[in-house]
Amino acid sequence: MKVTIVGAGAVGASCAEYIAIKDFASEVVLLDIKEGFAEGKAMDLMQTATLNGFDTKITGVTNDYSRTAGSDVVVITSGIPRKPGMTREELIGINANIVKEVSSNLIKHSPDTVVIVVSNPMDTMTYLVHKTTNLPKNRIIGMGGALDSARFKYRLSEALECPPSDVDGMVIGGHSDTGMVPLTRLATRNSVPVTAFLSEERLDQVSEDTKVGGATLTKLLGTSAWYAPGAAVSALVQAIACDQKKMFPCSALLEGEYGLEDLCIGVPAILGRDGLEKIVEIELNDAEKAKMKESAEGVKKTNDLLEI
């Protein structure tokens, strides 16, 4: 099992570290355009192998896509990160060209790969990969919902004053501060609806805190977060590599599901060896449907800015 991660910055390197520690891949290739940067990150990570008990080989390369050949899964994190006050949508002009070139180079050397898109604005960048490559729809996945859901569960456990492992919940919709749809109605604490523990007002606060989770960290850190995004990507990669058939909300190309067409947006999906193996359609109430529709309209507006 070979995994390539393009972009050896904080998110890419964290993703490589988590994949290595989980020890399910034979090789992780870190690729970056900055001379020696990926090589340095790879060497640093490999020097933790005996300390962290993994045998995964981590290889760093500078802009040589031939070294990525035969990758089972490729992850695109490349692009500029968000700065304080910058929305994900404002990144589109810069990152679209980067993602287009990167995906083309990756597929040239690994035509049977599964692509996971992380670069922002993520839903639009995922849509771009669909529109500019010949890969089937099941092999292009956007990572957003897995991260947003992890942040949602963190906020729920905080509100419930309980261990995070007690909590289950999901965020669908667009991966943006206004597009996320945290499904508080369906969230549970050990199978008991969280509505049994928390007031509507408190749950509304949890939802709002979740939606601005990335912006909150950007303000605190001065750049985008990396630990949770890296962990979220590694979870998707593992589900595919190990054929786990796990369900994650992730950005998928919709063709009528949820009443939406011709856009990529976060929905529950089963991930396995073939990538996105099934979109799961859950019954939304009228309020959730309205929020999902509004989110989709926002994603489409951003998509309209693409020059395909």
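The accessible surface of this protein amounts to about 13,600 Å², and 50% of that area belongs to carbon and sulfur atoms. The model is a predicted one, so the values that follow describe a prediction. Behind that surface, 55% of the 308 residues count as buried, where buried means a relative accessible area under 20%.

The chain is built from 10 helices and 14 strands. Its radius of gyration is 19 Å, close to the 19 Å that the globule rule gives for 308 residues, and the protein is therefore as compact as a globular protein of that length. Taken along the principal axes, the box filled by the C-alpha atoms is roughly 55 × 45 × 35 Å.

A search of the whole structure finds one cavity of 30 Å³ or more, and the volume of the largest cavity is about 30 Å³. Its lining includes Met 122 and Asp 123, the pair Gly 144 and Gly 145, Asp 148, and the run Val 171, Ile 172 and Gly 173, with His 175, Ser 251 and Gly 266 also taking part. Helix 5 (122-132), helix 6 (145-160) and strand 8 (171-173) each contribute at least two residues to this lining, and strand 8 provides the largest share, with three residues. By residue class, the lining of the largest cavity is made up of three nonpolar, six polar and two charged residues.

The elements that give two or more residues to the lining are strand 9 (180-182), helix 7 (200-211) and helix 10 (286-303). Of these, helix 7 supplies the largest share of the lining, six residues. Which classes of residue make up the lining of the second largest pocket? Eight of its residues are charged, seven are polar and six are nonpolar, whereas the lining of the largest cavity has two charged residues and six polar ones beside its three nonpolar ones.

Terms used: Residues are numbered from 1 along each chain as its sequence is written. This is a predicted model: local features need pLDDT of at least 70, side-chain atom pairs count only at pLDDT 80 or more; totals for chains, interfaces and linings use all residues. Side-chain values use heavy atoms; hydrogens and water are left out. Helices (H or I, at least four residues) and strands (E, at least two) are DSSP runs, numbered from the N terminus. Ala, Val, Leu, Ile, Met, Phe, Trp, Tyr, Cys and Pro count as nonpolar, Asp, Glu, Lys and Arg as charged, and the others, Gly among them, as polar. The radius of gyration is taken over C-alpha atoms; the globule rule is 2.2 Å times the number of residues to the power 0.38. Buried means under 20% relative accessible area, exposed over 50%, partly exposed in between (1.4 Å probe, protein chains only). Accessible areas come from the Shrake-Rupley method with a 1.4 Å probe; for residues, only the protein chains shown count as cover. On a 1 Å grid over the protein atoms alone, a cavity is a set of points where a 1.4 Å probe fits but cannot get out, and a pocket is an open set with protein on both sides within 12 Å along at least five of seven lines; lining residues have an atom within 4 Å of a point. Grid points are joined across faces, edges and corners, and a volume is the space filled by probe spheres set on the points.
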